[in-house]
Amino acid sequence: MTSSSPEIAVVGAGIAGASAAYRLSELGFKSRVYEAGGRPGGRMAATVINEAIFDHGAQFFTTRGHKFRSAVDTAAADGAVKVWTHGFDEPPDGYERWRGVPDMTALASWLLSKADAMVHFAQPVDHLKNLNASAIVLTPPIPLSLALAQRSNLEPPEKLLNELRNVEYKRTIAVLFPLEEHPESLPSHGGIQFLDDPALAFITDNAAKGVSDAPAVTVHLSNDASLALWNEPDHQLTEFASKHLEANIGAFVSLGSVVKRWRYAGPVQVLEESAFVWGNRPFIAMAGEAFNGPKVEGAFDSGRYAAEKIAEFFS
Ligand SMILES: Cc1cc2nc3c(=O)[nH]c(=O)nc-3n(C[C@H](O)[C@H](O)[C@H](O)COP(=O)(O)OP(=O)(O)OC[C@H]3O[C@@H](n4cnc5c(N)ncnc54)[C@H](O)[C@@H]3O)c2cc1C
């Protein structure tokens, strides 16, 4: 980085952090991205169990606004995303549901690959002052970002603090099943979305989706069931998911199972602002899907907005 370039740090390489780094780069700023995990994507997550590959966080995303759509179209031209299906019901509603290629982490990876950013994986930030940055974008879920800011004596003004303290999160338990054989009774696109089911939220056949060659099924429990069963041991969660999976796809033989708990699956209520900003060297922009509109597109837009506020700060 040249000496005239401000030091900008982005905490988190989920879609909000990747979008912030991408937009900063478009605006002529370099950034350093710090990610606690070993790869980008955050809640757009994928994992491997033996030969089987699973999307186990967000299963798809939609595009409504022009800015996100434009990035998605460019990523699609590079092969990083594609339309998964035009609807989960029969007949489909015709509205595009997108997925990452090869898996859901791909959009964040693609944004970072296009950004003028140095990305550090497996680098959890535990104190903001250690970043030596003039501006910081914070993108972990709100309670984690807030704790980090407070621990660093960089907490937001009282009004923002009160709003941030009120943000609550839904939980989701994901149970991943590598199977002996490909299930036959799922729709050809491989997804079943449950909108009002007390037990389940989603079933994905990752092979039919195009994510895995080996048979691999992801089961998301509903937010209510996830909350109710949160502290149950993994074997009981597996039994619960297994029973409901069988009710939907018929008898199956699994080669094991892995349980993943998403404590911060999504905000219960969304803040109206696109990001919160405060402070001066470091100037802090708190972003992510709890702002602006939930889900992948909301997180993308929020990260982008945070980058623009930082550019304004330095102008
Ligand atoms: C089970 C599940 C299903 C979902 N389904 C959908 C769906 O179908 N469609 C949809 O649009 N959305 C869906 N979502 C929501 C979507 O995944 C999120 O809105 C979006 O991915 C959030 O992005 P983000 O960048 O704001 O946060 P995150 O993805 O959480 O990114 C934050 C990043 O910060 C990192 N981090 C945390 N603390 C630190 C630290 N101290 N130092 C460094 N890094 C840190 C984390 O590791 C993470 O990578 C789903 C979410 C879940 C969990």
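Q: Where do domain bounds come from, and which domains does the protein chain have?
A: Domain bounds come from an automatic or database domain assignment. For the protein chain, that assignment gives domain 1 (8-44 + 105-167 + 270-314) and domain 2 (169-267), with residues numbered from 1 along each chain as its sequence is written. This is a predicted model, in which local features need pLDDT of at least 70, side-chain atom pairs count only at pLDDT 80 or more, and totals for chains, interfaces and linings use all residues. The C-alpha centres of the two domains lie 30 Å apart.

Q: How many residues of domain 1 are in contact with domain 2, and what is the area buried between them?
A: Contact means heavy atoms within 4.5 Å, and here 11 residues of domain 1 are in contact with 6 residues of domain 2. Buried area is the accessible area (1.4 Å probe) that two parts lose on being put together, summed over both; between domain 1 and domain 2 it is about 680 Å², of which carbon and sulfur atoms give 68%.

Q: How many salt bridges does the rule find across the interface of domain 1 and domain 2?
A: A salt bridge is a side-chain nitrogen of Lys or Arg within 4 Å of a carboxyl oxygen of Asp or Glu, and by this rule there are 0 across the interface.

How values were computed
Heavy atoms only, no water.
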